[in-house]
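Hi,

Here is the structure I promised to pass on. Have a look at it first, and then read my notes below.

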Amino acid sequence: MPRAPTQEEMKAQETFADTKIIAKRGGGMKKRILVCDDEEPIRLLLNESLQDSYEVVEASNGREALRLATKEQFDLIIMDIKMPDGHGLEAIERIRERNGTVPIIICSAYRAMEDDIVVKTSNVAAFITKPIDIKALKTKIFNLIGA
Amino acid sequence: MRDKLYPRVRFSAIFFCHGLERMKKRTLLLLRFVLILATILVMTYSQRGLNIASPGYVVALLYLLSNMMVYFIPETRLSYLYVTFGIFLIDVVAISLAIYFTQGMQTDFYLIYFLIIFIASVGQDIRGSIPIAIVASVLYGWLLYRANPDTSIMDPAILIRVPFLFIVALISSYWSASMRRELKSKKELEEFAHKLEQEVERITTKETELRRYSETVINSVASGVIAVNGDGTITTINPEAARVLGGKQEDFTDTKIKMIKGLDNLWQKMKEAIESDKPLERLQISITNAHSKTIPIGLSVSPLTSSDTKFTGCVAILRDLSEVKGLEEKLKHAERLSYLGKMASWIAHEIRNPLTVIDGFAQLLTNTKDKDKVSTFNAEIHKGIKRINHIIEDILTFARTKTQVKHDELNLHDLLQQITENINNVKISIKGDENPIINGEEESLKSLFLNIINNSIDAMENDPKLVINIRKTKEWIITDIVDNGKGISKDNLKNLFTPFFTTKSRGTGLGLAIVKKIVDDHNGKLEVESEEGEGTTCRVHLPKKK
């Protein structure tokens, strides 16, 4: 992603500071990540990839993600945007209303939507496309919230 | 009442009615003048001669005066029998008096009586002449008696002259009546001819108007109209039809349509309609017009139906579809493009998800030592590959052309049994006619019914029941798949078979589109009836094996 970094980095730094405080309050526990994707194998993949460093919670749809995000504290949310009609964007807006600071990474199979969605939801931290480069994702997450 | 009235009516009919033919006043005056002249002439050359002081002279003067009075009688009155009778009575009396005063019994004076009777018969035929003849014979008899009281009734002067008066009355009235009849029939004929002429003129005008009206109507029709007779000669063609054929109306009228180059298709259809005596509707053919341009036309042909065998042939209504076709092509092209876009987007999404899974787990595998995890990851990779393969199958089904479909003899009942064997969570019953044999491709048909059944199962929530009913008709094997699910809304029903349309969160939107495609590939029909909250019936018609 050569053209977005400045914006992304700014966002990452802002949110980074906030989440640190929350994490400290948690008392040195693993940081929590909410993974929302309607495809079970993808949730499994993200869980397997991240479970060594983070506590991963899975949600199979936007409503469930919203419920969890409202009830519990998360340090990061990875969200799938499904269709070109922006399925999932609404959930992001709702989460923002209730929890304004949590960094959100959008994960989608639609490359063409990247610009669109970054513009529409300027408050997302990053955009990754499927198929996922796991190493790059891990680095991105580390840059956002640390280990 | 009517019986009592009748004689009076008849009486007045005889005496007061207008004569058969009104005698012209001018003619009457002229004839009487001749009479008077004759009388005066006879009196002048009689034995006594005509002296100014003699009574004969007075008679002659009075006679002349009477003619002047006749002059003042209105012409309409002259047709009354009593008026003319009065006039001729004066004549007879005047002549009798003239004879009496001039003592002209020995002269041929009596001949004037014949003249009067003749004139009377001209005016009023036998009804006028006989009474005058009677009066004349009486007066003549009296004159003879006065001249010679010894005159016997057998005297030749009486015996011959009196009957002669009557004979003249009869003959002249017969003659005048026949003359009048002739005149009348001639006049009637003339009148009739005149009326006929007027009628012909009226009808001709009306016909011209009508023809012009129908011509205007046909010429104003926006569609092309061509009428031909039984042998294909163009009898009527309107400007629009002429424009489509690339010429003027007069270029085509009275021309045999089969002789015109490029119109073979049109004549073929017209002939078909004439021979079968049945209309052909909404056909699409193409013709080559006078400018060698191929034009697609929409065509309806109706044979002319009339009890009169003279009017055989047909009338064709045609529409130039070149513009419509052009638009259609453009639309199809745009549709294809949008479709292609949707398809590409769908493929990207559908394949990238399993690809992510395969790629991701492959990345994880390199660092995983745990044997359980390795096998889990491998299984996930395998599932992902299978899914991609399935997507490819769907695309191929969707993209394949009809000619590529293989046809095997299949028992639909057995096929459905096979499909439903592995479904355990829903009660499925298959009922219906024995041995529903069709020609089809087993795998496609399995996928067809599995897609419908899976949709039905997805739609059912409480107490799911699925009934499959197979019926045989003359041409079709009809399979009803009936569920008691939540049904489909009217809006969604419209888009049911649209590719990539889905209401399911995890649907691809290709399932029912593929169902439709498979049914079409098998020359079948597909109907969906649904009531929201009641359930859905999917009805698949497949052609029976012949």
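This is a predicted model: local features need pLDDT of at least 70, side-chain atom pairs count only at pLDDT 80 or more; totals for chains, interfaces and linings use all residues.

**What I found**

Helix 2 (residues 25-44) and helix 4 (residues 81-102) of chain B have axes that come within 10 Å and cross at roughly 10°. With angles under 35 degrees counting as roughly parallel, helix 2 and helix 4 of chain B are therefore roughly parallel to each other. On the helix 2 side, the contact is made by Arg32(B), Leu35(B), Thr39(B) and Met43(B), which meet Asp91(B), Ala94(B), Ile95(B), Ala98(B) and Thr102(B) of helix 4.

Chain B has an open sheet of five strands in the order 2-1-5-4-3, with antiparallel pairing. Strand 2 (234-237) and strand 3 (280-288) of chain B each have a single partner strand, so they stand at the edges and one side of each has no neighbour in the sheet. On average, neighbouring strands here are turned by 25° against each other, direction ignored. Strand 1 (residues 224-228) of chain B runs antiparallel to strand 2 of chain B and is joined to it by three bridges. In that pair, Ile226(B) sits opposite Ile237(B).

Finally, where the chains meet: 18 residues of chain B are in contact with 16 residues of chain A. Helix 10 (322-365) and helix 11 (371-399) of chain B each supply at least two residues of chain B's side, and helix 10 gives the most, with 13 residues. That side of chain B divides into five nonpolar, eight polar and five charged residues.

Cheers

Technical notes: Residues are numbered from 1 along each chain as its sequence is written. Chains are lettered from A and ligands numbered from 1 in the order in which they are written. Two strands pair if DSSP finds at least two bridges between them. Helices (H or I, at least four residues) and strands (E, at least two) are DSSP runs, numbered from the N terminus. Axes are lines fitted to C-alpha atoms, for helices over the stretch in contact, and angles run from 0 to 180 degrees between N-to-C directions. Angles under 35 degrees count as roughly parallel, over 145 as roughly antiparallel, 65 to 115 as roughly perpendicular and the rest as oblique. Two residues are in contact if their C-beta atoms, placed from the backbone, lie within 7 Å. Ala, Val, Leu, Ile, Met, Phe, Trp, Tyr, Cys and Pro count as nonpolar, Asp, Glu, Lys and Arg as charged, and the others, Gly among them, as polar.
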